[in-house]
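Please walk me through this structure in plain terms.

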Amino acid sequence: MRKTSKPRVLATVASLVLVFGAQQAFADETCMSAYMPKITGQEDYVYVWTVGAEGVGDGSDKLVTIDTNSKSPTYGKVISSVSVGGRHEAHHGGFTDDRRYLWMGGLDDSPIFVFDVATDPAKPKLVKTIDSFTKDSGGVVGPHTFFALPGRMLISGLSNANDKGGKSALVEYNNNGEYVQTVWLPDDAPYGYDVRVQPRLNRMLTSSFTGWDNYMTEFGKVVSNSEAMKHFGHTMIVWDAHARKPIQVLEVPGAPLEIRWALQPRHNYAFTSTALTSKLWLIEQQPDGTFKASAVADIGDPKKTPLPVDISLSADDRYLFVDSFMDGTVRVFDVSDPHKPKVIDEQKIGSQVNMVSQTWDGERVYFTSSLLANWDKTGKDNEQFLKAYRWDGKKLTPLFAVDFTKEGLGRPHHMHFGQNQFYKNQIYGGAGTRRSEVARAE
Amino acid sequence: MRRLIAAVAGVALLVGSAGATESARPAHPPVGAADTSYTYTVGPFVAEYEAPPPGTYALPVIERLDDHPLVDSAGTTTTLAALKGGRLAVVAFVYTTCSEATGCPLAEAIMQRLDRRLADDAALARRVRLLTISFDPSRDTPARMAAIRAAFGPQTDWAFLTTASETDLTPILTDFGQPVAKLNYEDGTWTGLYRHVLKVFLLDEQNRVRNIYSTGLLNPDLVMNDLRTLAADPPGGKQ
């Protein structure tokens with residue numbers, strides 16, 4: 001600021017007023033909430049929400065921190081592990097809008113664990129446990145996606161306490177961990193899974209999976225039970241994000257899972273993949289403002305049920321990484337033309353693979369192996385790992401791998417990035433304890 | 001728009017003059033834009049939607065606020081509750097020497113838009129206070145806040161506030177959940193800049209937060225409709 005001349009400040013501010021925002025040169029991870037600041041440049045840490053496995057280490061769910069800075073002496077090593085006690089089917093999580101706290105959920109008994117990652121990014125600390133999610137929300141089970149809204153957390157549920165089926169809801173808490181509201185999904189599309197908002201369009205998309213009774217049952221038993229197989233989601237809902245009101249129900253058969261909104265301006269579309277039908281879907285806004293869902297590509301050979309799971313879209317909306325669990329393979333699609341995705345690379349990551357996370361610059365891509373404790377492969381195929389790769393636009397090259405079984409950690413699942421520089425020289429106004437926490441402690 | 005830019009130009013001049021007074025500081029490398037700003041989205045944010053009509057949606061209570069001491073631009077000690085009375089409020093936290101792209105200047109430009117919109121709706125304006133609160137008490141004195149206020153030329157009841165000290169400020173930031181941090185050079189010297197996830201808060205008549213807007217994603221149409229939604233609530237609000 002001291003170096004900025006008056007005319008430059010004036011010009012900058014005037015242009016801001018005209019465009020209502022600012023061009024950002026760099027950012028980071030590509031699927032995070034647009035309401036949350038991104039870290040830029042090299043990530044120093046990857047935080048891995050890990051499902052406890054019987055006979056592996058302490059057997060508990062834990063948040064594992066791995067050093068990802070190649071200049072560090074502990075590069076590629078586990079540098080911290082925080083057990084939460086017990087197994088809760090650790091699954092997904094997300095940062096608060098200020099990125100200071102990481103909320104992580106369990107799909108079985110529905111706890112939410114809140115970690116402070118700002119005080120020491122190398123050593124996240126468990127600072128709060130919300131064990132009243134089902135009670136607070138009026139019966140929602142299985143907190144899945146944690147999507148930061150300003151000052152609060154939007155959480156999609158997978159199930160309900162009434163019948164443990166797929167009917168579920170969106171639940172909100174404020175950043176202090178105080179319950180705000182529950183919005184049940186409509187009766188004609190009651191199943192939940194992911195939730196993502198595109199603020200520019202005031203549109204929110206939700207996808208649909210299955211209830212507790214299926215995701216906590218062994219995969220083989222679910223697949224062989226024709227009645228159970230009827231209870232998977234086949235819809236996506238387009239919402240007015242601000243009003244939290246459903247506008248459209250789109251038919252997307254075969255359990256549409258992760259939702260990735262395109263990031264570039266004027267790209268008014270999102271992708272999802274369907275687990276059971278192995279297709280890539282484009283959900284695109286039409287000239288009249290409504291949305292249309294179309295299957296735009298097969299993922300592998302759908303007849304072999306490769307079971308597509310996580311997807312990751314590059315910041316330039318060019319590459320879409322698609323993991324499929326059964327063949328342990330990632331396929332990289334060129335989605336420059338979102339209507340005609342083309343596979344440009346295909347690589348086997350392991351005997352099984354689930355989550356994929358890439359950095360904003362798209363140069364590093366991380367994979368983890370676990371899907372659900374009861375759905376992971378068994379025996380020698382039950383490889384549990386985090387693997388890091390470099391992506392050069394054509395192929396993936398291995399950087400390092402961590403064997404989560406050998407390290408006594410468990411089944412690695414959701415990944416989030418941390419960075420020292422992001423928190424450097426920052427002192428939080430509240431210096432830690434917030435009013436509601438004081439009240440609860442008393 | 002012309003009036004808006006003129007007012008912002010006035011603020012820019014003040015920013016410039018504030019910067020000049022800091023030239024005596026020991027030499028440090030310049031602080032780049034990336035050091036002060038956060039990245040939210042790709043490209044500029046332009047709201048490409050029509051805000052949902054007032055009264056067609058709920059605004060649940062997000063959190064309840066305590067009362068806090070503040071100092072107005074005349075130097076008078078007051079409190080948040082006293083300033084608001086039983087009115088609705090839109091509260092923006094800023095520091096007046098901020099030049100961050102999606103930070104304070106944008107928040108203030110949007111506050112000014114709200115001020116002008118409210119000026120065109122006298123019935124609503126009577127029920128709303130706009131509050132700009134500085135989180136830089138050492139430099140944003142009441143006199144400076146008065147100068148900023150004059151530059152923006154409020155047409156409605158828009159107050160420019162500061163606090164007596166950081167001791168008074170900290171509980172306010174904590175209560176609102178407004179992270180603010182001084183950005184230091186590596187030797188620990190303050191750059192004079194803050195990093196902050198800037199938020200704008202919508203308060204109901206009972207000092208409860210009913211919505212929070214990220215500055216870089218803020219749409220004045222949406223805030224106006226939220227104000228109208230709350231104004232149409234029966235006394236005491238729905239929750």
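Helix H4 of chain B covers residues 104–119 of this predicted model. H4(B) has 16 residues, and the distance from its first C-alpha to its last is 22 Å, close to the 22 Å expected at 1.5 Å a residue. H4(B) is mostly covered, with 12 of its 16 residues buried.

H4(B) packs against H8(B) at an angle of about 50°, and the two axes are 10 Å apart. Angles under 35 degrees would count as roughly parallel and those from 65 to 115 as roughly perpendicular; H4(B) and H8(B) are therefore oblique to each other. Their crossing is right-handed. On the H4(B) side the contact is made by Ile110(B), Arg113(B), Leu114(B) and Arg117(B), and on the H8(B) side by Pro220(B), Val223(B) and Met224(B).

The next topic is the sheet in chain B. Six strands form an open sheet with mixed pairing, in the order E1-E10-E9-E4-E5-E6. Strand E1 (63–64) and strand E6 (158–161) of chain B are the edge strands, each pairing on one side only. Helix H8 (residues 220–231) of chain B packs on this sheet, where it touches E4, E5, strand E9 (199–203) and strand E10 (208–214) of chain B. The direction of H8(B) makes about 145° with that of E4(B). Within the sheet, strand E4 (residues 88–94) and strand E5 (residues 128–134) of chain B run parallel and are joined by seven bridges. One of the residues in this pairing is Leu88(B), whose bridge partner in E5(B) is Val128(B).

For chain B as a whole, there are eight helices and 10 strands. Of its 239 residues, 47% count as buried. Among contacts in chain B with a separation of 6 or more, 73% are between residues 24 or more positions apart.

Strand E21 (residues 319–324) of chain A is mostly covered, since six of its six residues are buried. Tyr319(A), Phe321(A) and Asp323(A) point one way from E21(A), while Leu320(A), Val322(A) and Ser324(A) point the other way. E21(A) pairs in the antiparallel sense with strand E20 (residues 308–313) of chain A over four bridges, and Ser312(A) has Phe321(A) as its bridge partner. The hairpin of E20(A) and E21(A) has five residues between the strands, and Asp317(A) takes a positive phi near 60° there.

E21(A) also pairs in the antiparallel sense with strand E22 (residues 329–334) of chain A, over six bridges. In this pairing Asp323(A) stands opposite Val330(A). E21(A) and E22(A) form a hairpin with four residues between them, and Gly328(A) in the turn has a positive phi of about 60°.

Elsewhere in chain A, Phe209(A) is found in the loop between strand E13 (203–206) and helix H3 (212–215). Is Phe209(A) buried or exposed? A residue counts as buried if 20 or more other C-beta atoms lie within 10 Å of its own; Phe209(A) has 24 within 10 Å, so Phe209(A) is buried. Leaving aside neighbours within four places in sequence, Phe209(A) is in contact with residues including Leu158(A), Tyr191(A), Tyr193(A), Phe232(A) and Leu257(A). Phe209(A) and Leu257(A) are 48 residues apart along the chain, and their C-alpha atoms are separated by 6.6 Å.

How values were computed: Residues are numbered from 1 along each chain as its sequence is written. Chains are lettered from A and ligands numbered from 1 in the order in which they are written. This is a predicted model: local features need pLDDT of at least 70, side-chain atom pairs count only at pLDDT 80 or more; totals for chains, interfaces and linings use all residues. Two strands pair if DSSP finds at least two bridges between them. Helices (H or I, at least four residues) and strands (E, at least two) are DSSP runs, numbered from the N terminus. Two residues are in contact if their C-beta atoms, placed from the backbone, lie within 7 Å. Axes are lines fitted to C-alpha atoms, for helices over the stretch in contact, and angles run from 0 to 180 degrees between N-to-C directions. The expected span of a helix is 1.5 Å times one less than its number of residues. Angles under 35 degrees count as roughly parallel, over 145 as roughly antiparallel, 65 to 115 as roughly perpendicular and the rest as oblique. A crossing is left-handed if the near helix is turned anticlockwise from the far one by less than a right angle, and right-handed if clockwise.
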